[in-house]
Amino acid sequence: MKKLLTTLLLLSGLHSFAQKEIAPNKWLKLFNGKDLKDWDVKITGYDLNDNFGNTFRVQDGLLTVNYDKYDEFKERYGHIFYKKNFSAYLVVAEYRFTGNQVKGGPGWAFRNSGIMLHGQPAATMTKNQDFPISLEEQLLGGNGKDPRSTANLCTPGTNVVMNGKLITDHCISSTSKTYHGDQWVHVEALVLRDSVIKHIVERDTVLVYNKPQIGGGNVLHADPAVKKDGILLTEGSISLQSESHPVQFRKVELFDLSPYINDPVKLNRILQLLQQRNSIKK
C-alpha cells in the first residue's frame, strides 16, 4: 500500500508539473478574439495597413477573410502579419472555409489559404509584391468528392531540405486526409529555427523538413536586398493569407520554445508535454 501511495503521489506531482509548464497562461494568443491591433495587413498593390475592402476583419469573434466588397479579385493577394517575429515555437490554428470564391479568383485558390512561417516582415514587402518570402503551411479544403490534402508546403521565394535533399519544387503534398465542407480543422506547425519544421493536422505529423532557406522563385516583385538566395531562415514573421476564398480562424495561438532551444533536455521535456497535452486535464 505504501508503494502504491508513493506512486500515486509521484504521478500527481508530474501531472501538476505538466499543468504548470504548459498552462493556458504560457500560450500567446496571437488572435485575441476581439480585434486585429497586433497585426499588420499587406495586400498586393496597396500600402502597408491599407486593408482594402475590409478584407481582414473580426466577425462574431472570428478572424475572418471576406471579399464582399470586391467586384473581382484581380490578383489582390493579401496577408495579415503578427507584429512580432519568432524563431522556435509551436503555432496552433483552427480554420474553416465558407461561402463561395470571389469572382476572378484562380482555380487553384478554391478553398485555399495558408499560415506563412519564417516570413519576411510585412514592412519589407514592396507595394506590388504578391507573397512574402516565407514557408507556407498551405491550408486546403476539399471539393466534396476528390482527395485534397491540407498542411502541404509551398515555398514562395524559398527552398527546403527533405531527407537530406534540397527540394526546389514549389509545393509538396502532405499525408493528411481531406477535409470537405465547412468543418473546423485543427492544424499546428512546430518550428525549431532551421533544424526542423513539422506540419501537424489533428495531432498527426503530416510533413517534415529542415534547413529552410531563401531561394527559388514563385514570388513577384520582391526587393533584391531582401531576397538573398542561400540564406538559412532561423526566424521570421507569421502571417495568414487571403487568396480569394473566404476563410475564418477561431484560434491562432503560439507556445514560445525559444527559452528552451539551447537546452535539449528541457526542450524535449516541453515537446513531450505539448504532444501529450490533450490527455492532461486542465
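Among contacts in the protein chain between residues at least 6 apart in sequence, those that join residues at least 24 apart make up 71%. The structure described here is a predicted model.

**The chain as a whole**

The protein chain contains two helices and 17 strands. Its radius of gyration is 20 Å, close to the 19 Å that the globule rule gives for 282 residues, so the chain is as compact as a globular protein of that length. Taken along the principal axes, the box filled by the C-alpha atoms is roughly 75 × 40 × 40 Å. Of the 282 residues, 52% are buried. The accessible surface of the chain comes to about 13500 Å², and carbon and sulfur atoms account for 50% of that surface.

Seven strands form an open sheet with antiparallel pairing, in the order 2-5-16-7-8-9-12. Strand 2 (39-43) and strand 12 (171-172) are its edge strands, each of which pairs on one side only. Strand 2 runs antiparallel to strand 5 (residues 78-82), and five bridges join the two. Within this pairing, lysine 42 has histidine 79 in strand 5 as its bridge partner.

| Residue | Location | Relative accessible area |
|---|---|---|
| Phenylalanine 249 | strand 17 (residues 247-256) | 0% |
| Threonine 98 | loop between strand 6 (88-97) and strand 7 (112-119) | 19% |

Phenylalanine 249 is buried, with a relative accessible area of 0%. When residues up to four places away in sequence are not counted, phenylalanine 249 touches Phe31, Leu62, Leu63, Ala93, Glu94, Tyr95, Ser113, Leu139, Trp184 and Leu240. Glycine 217 lies 32 residues from phenylalanine 249 in sequence, and the two are 29 Å apart in space, C-alpha to C-alpha.

Threonine 98 belongs to a loop, the one between strand 6 and strand 7. Because buried means under 20% relative accessible area, threonine 98 counts as buried at 19%. Again without residues up to four places away in sequence, the residues that threonine 98 touches are Asp182, His245, Pro246 and Gln248.

How values were computed
Residues numbered from 1 in each chain as written. Predicted model: local features only at pLDDT ≥ 70, side-chain atom pairs only at ≥ 80, totals over all residues. Heavy atoms only, no water. Helix = DSSP H or I, 4+ residues; strand = E, 2+ residues; numbered from the N terminus. Buried < 20%, exposed > 50% of the residue type's maximum accessible area, 1.4 Å probe, protein only. Contact = heavy atoms within 4.5 Å. Rg over C-alpha atoms; globule rule 2.2 N^0.38 Å. Areas by Shrake-Rupley, 256 points an atom, 1.4 Å probe, with all protein chains shown as cover. Pairing = 2+ DSSP bridges.
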